[in-house]
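User: I would like to learn how to read a sheet and the helix packed on it, with the cut-offs behind each term. Could you take me through one case?

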Amino acid sequence: MADYYTQFSTMIENLSTEEVVWIKENISGYAVEDDFSQFDYTFVGDGLWIYSEEDGVPDAVAGFVQAFLKEFRPQAIKVIGWANTCSKPRVDSFWGGMAVVSAFGQIWSGAITDQEKLEQAAINLEIFKGT
């Protein structure tokens with residue numbers, strides 16, 4: 001039997017007091033759904049560490065980050081990457097992806113090595129500025 005994992009680790013840094021209050025009031029709605037943990041988080045210094053050691057849900061992280069950026073940092077962009085791994089060398093059980101998130105939208109790539117999609121995401125960054 002093999003165990004499958006979705007792992008990620010990202011930070012939102014340089015948080016203001018107002019941002020910390022908002023996060024504390026809103027994050028649980030994204031981090032937990034139907035009593036299932038979508039991701040773990042903890043405050044570290046002046047930042048928020050969002051991570052998963054086993055079964056995280058990148059969509060939930062992207063949704064939370066987008067809401068945060070919309071509220072406080074509308075011109076910022078956050079890249080969230082994740083790895084899908086397996087405890088045994090199962091065929092096609094290792095991959096990953098990334099999401100480029102802004103207050104205005106999200107661009108997803110289904111594999112970290114998908115260079116063409118990543119390049120297109122970089123080109124499309126202008127749409128994230130809301131222009």
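User: How many bridges join E6 to strand E7, and in which sense do they run?

Analyst: In general, strands of a sheet pair through backbone hydrogen bonds, either parallel or antiparallel. In this predicted model, local features need pLDDT of at least 70 and side-chain atom pairs count only at pLDDT 80 or more, while totals for chains, interfaces and linings use all residues. Residues are numbered from 1 along each chain as its sequence is written, and side-chain values use heavy atoms, with hydrogens and water left out. Here E6 and strand E7 (residues 95–102) are antiparallel and joined by 8 bridges, with Trp82 opposite Gly97 and Ile80 opposite Ala99. Strands (E, at least two residues) and helices (H or I, at least four) are DSSP runs numbered from the N terminus, and two strands pair if DSSP finds at least two bridges between them.

User: Which strand order does the open sheet have?

Analyst: The order of its 6 strands is E4-E5-E1-E6-E7-E8, with antiparallel pairing. Strand E4 (40–44) and strand E8 (105–109) are at the edges with a single partner strand each, so one side of each has no neighbour in the sheet. Strand E1 (residues 4–12) pairs with E6 over 5 bridges in the antiparallel sense, and Thr6 has Asn84 as its bridge partner in E6.

User: Which residues of strand E6 make up its covered face, and which the uncovered one?

Analyst: In a regular strand the side chains alternate between the two faces of the sheet. For strand E6 (residues 77–86), the covered face consists of Lys78, Ile80, Trp82, Asn84 and Cys86, whereas Ile77, Val79, Gly81, Ala83 and Thr85 form the uncovered one.

User: Where does H3 lie?

Analyst: H3 lies across E1, E5, E6, E7 and E8, and runs at about 150° to E8; axes are lines fitted to C-alpha atoms, for helices over the stretch in contact (heavy atoms within 4.5 Å), and angles run from 0 to 180 degrees between N-to-C directions. Among the buried residues of H3 are Phe64, Val65 and Phe68, where buried means under 20% relative accessible area, exposed over 50% and partly exposed in between (1.4 Å probe, protein chains only).

User: Which residues of the largest nonpolar core touch the most other members?

Analyst: In soluble globular proteins, nonpolar side chains tend to be buried together. A nonpolar core is a set of buried Ala, Val, Leu, Ile, Met, Phe, Trp, Tyr and Cys residues joined through side-chain atoms within 4.5 Å. Of the 23 residues in the largest one, Phe39, Ile50, Phe64 and Val65 touch the most other members. H3 gives the most to this core, with 8 residues.
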